[in-house]
Amino acid sequence: MAITENIIGALPDERGHFGPYGGLFVPEALMEPLEELRVAYKHYMGDENFLRELDEDLANYVGRPSPIYHARRWSEQLGGAQIYLKREDLNHTGAHKVNNTVGQALLARHMGKRRIIAETGAGQHGVASATVAARLGLECVVYMGAVDIVRQEANVYRMRLLGAEVRAVESGSKTLKDALNEAMRDWVTNVDNTFYIIGTVAGPHPYPAMVRDFQSIIGREARTQMPHQAGHQPDALVACVGGGSNAIGLFYPYLDDQGVAIYGVEAAGNGLETGQHAAPLCAGKPGVLHGNRTYLMEDADGQIIETHSISAGLDYPGVGPEHAWLKDSGRANYVAVTDDQALAAFHDLTRIEGIIPALESSHALAYASQLATTMRPDQIILVNLSGRGDKDMHTVAAREGIRL
Amino acid sequence: MSLISRRFAQLKARGKKALIPFITAGDPIPEITVDLMHDLVSAGADLIELGVPFSDPMADGPVIQRASERALEYHVSLRDVLEMVSLFRQLDAETPVILMGYLNPIEVMGYEHFADQAANAGVDGLLIVDIPPEEGEELQRIFKAKSIDQVFLVAPTSTPDRIQRICDVSGGFVYYVSVKGVTGASHLDLKSVEHKLAEIRSRTDLPVGVGFGIKDAQTAAAVSRLADAVVVGSALVSRVEALADEPEKIGASLREVISSMRQAMDKVD
């Protein structure tokens, strides 16, 4: 399908549909709370005081705008296009997640909700939620799969230091998807005083649109920064896709720039052919989970299957519905890289540029390094460096047989 | 008239309220589900709600989640559940069967194909937890064509406008979720149930069932004073769970609890 009209601002429709994707697939008990959220969100996004507060928080608390860095040495060694990095790893709490939690927590406060809940996989969104809850004096409960709690011990401790209660989820596969189920159950039970901060561009409407809007600051800044810094806009954008919030944040403001190619990079885990991966756009099919229709990893009976990725933040069987639509429309390309390829890129960036990237972001870097070699040295790739790798020290060391 | 509507009409004529037990198909082993359904009927069930196992049961509490997990260890699929209904129908052509579950297994099978298969198997109603009326127009059309009643939920958070909309599209009966929470929650407030039921009844002539939070004969009786039907789920499923290693004892245990509820409900004048 060729796109001839502008995309920005056109989607989703009133009930959250991106073509056949998105929507509101939730139990009746959540319909009214979601409507309340939709109305409040619409209202505050037009409220000058709210927007001024948000801008101040993003500038002085998060540390925005995040810089763009030209990875010269790495680009030279690859011998192709110039690779630029949007440094979301330099944000407060170390990843792009905080752009969204600052926005949603502010909304929670304006809506008079004193308790926030969140789900987390790698722990980054949980930490970002606990952080803003601490700052605003809100009660915070974070749901985390029991398996992830073991994998991400340091982040669990960070959340507890920040005053959040981390509840282990023992149902299902005990990972991110189950944490999301459990957070939904909490919300159904405590809707009166509770605001659910979803960490990615998935879930029922208005979450995919709302999280996208909060994360779009990434792409808006980049569009302003690139001409100054590099002389022109990038030829290609690359970002990793789990649920897809950092990717949509970079992509969205560029969707109408037809000259800019867009690549979302999923986790191929041990390889797409092994079935042990987390790449629903590359190797899944459409279905309904967690409140929206989107591409899923599922079996022939429609049961959601367990995913695999070295990166806990990409270890999710679904993906934001806008990505599903961008894939079908052809505006964005979705590819996948394996654990091993991501690890190689992790080491390359660390050794060549002195930047330790998150394993999630390393997937984007791995694909960018392949793409660069197919392009000319006067062309530009902008990679969203969505987070820093401090949290991944144990995972990388363990992979190499080292005990820290 | 559908089997569900006919059953409610019969009960009304006899001045009785419907008792609707819920069990998850395939829990704890697939072989006994059909026998359990017959056990429930023999102990006094008027309709049966059969849960379709799903990997991510977002609206269910821990008891029914674990029931899904036990069934999924045997890979009990939507097709298997339809097969169980067919088998049940060989001996019981009267008791309405309602499938309760989540949308994705139906999406994967395809709406038309599923509706065909469900009608052939003898399914009378469907309660899909994660599809509000707004998203279900296509499904509603397809089920209607096959004379399958689609039952919708009303929640404590539903506004008058939403209640009207739900009543307009619901078939068979309207199901009021009596607590803010997931299945198996424990804080049933009869006053607020009474209030909400009056609101629902002012908008529809359909029977109104109440579920979530009904744990024993006493609560069942109290709710049956207010509603046309009482749905019991977690209270039964926790008995199934307790006897998961001795499945041959489950039938008697469920018969016992259903009988006691039946008696308590029938004493209510």
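**Exercise 1. Find which residues of H12(B) are buried, and work out how they sit around the helix.**

Solution. Start with the list: Ile250(B), Leu254(B), Val257(B), Ile258(B), Met261(B) and Met265(B) are the buried residues of H12(B). Keep in mind that we're working with a predicted model. Next, look down the helix axis: the buried residues fall within an arc of 95°, so they line one face of H12(B). Now turn to the other side, where Ala252(B), Glu256(B) and Lys267(B) are exposed. Last, ask what the buried residues pack against: in chain B, that's strand S1 (18-24), helix H2 (33-42), helix H10 (217-226), strand S9 (229-232) and helix H11 (234-242).

**Exercise 2. Check the span of H12(B) against what its residue count predicts.**

Solution. Helix H12 of chain B runs over residues 250-267, which makes 18 residues. At 1.5 Å a residue, they should span 26 Å. The end C-alpha atoms are 26 Å apart, so the two agree.

**Exercise 3. Work out how compact chain A is for its length.**

Solution. First, the parts: chain A has 16 helices and 14 strands. Its radius of gyration is 19 Å, close to the 22 Å from the globule rule for 404 residues, so chain A is as compact as a globular protein of that length. As for burial, 60% of its 404 residues count as buried.

**Exercise 4. Describe the side of chain B that touches chain A.**

Solution. Count first: 33 residues of chain B are in contact with 28 residues of chain A. H5(B) gives the largest share of chain B's side, 5 residues. Then sort that side by class: 18 nonpolar, 8 polar and 7 charged residues.

Key:
Residues are numbered from 1 along each chain as its sequence is written. Chains are lettered from A and ligands numbered from 1 in the order in which they are written. This is a predicted model: local features need pLDDT of at least 70, side-chain atom pairs count only at pLDDT 80 or more; totals for chains, interfaces and linings use all residues. Two residues are in contact if their C-beta atoms, placed from the backbone, lie within 7 Å. Helices (H or I, at least four residues) and strands (E, at least two) are DSSP runs, numbered from the N terminus. Ala, Val, Leu, Ile, Met, Phe, Trp, Tyr, Cys and Pro count as nonpolar, Asp, Glu, Lys and Arg as charged, and the others, Gly among them, as polar. The radius of gyration is taken over C-alpha atoms; the globule rule is 2.2 Å times the number of residues to the power 0.38. A residue is buried if 20 or more other C-beta atoms lie within 10 Å of its own, exposed if 12 or fewer, and partly exposed in between; C-beta atoms are placed from the backbone. The expected span of a helix is 1.5 Å times one less than its number of residues. The arc is that of the directions from the helix axis to the C-beta atoms.
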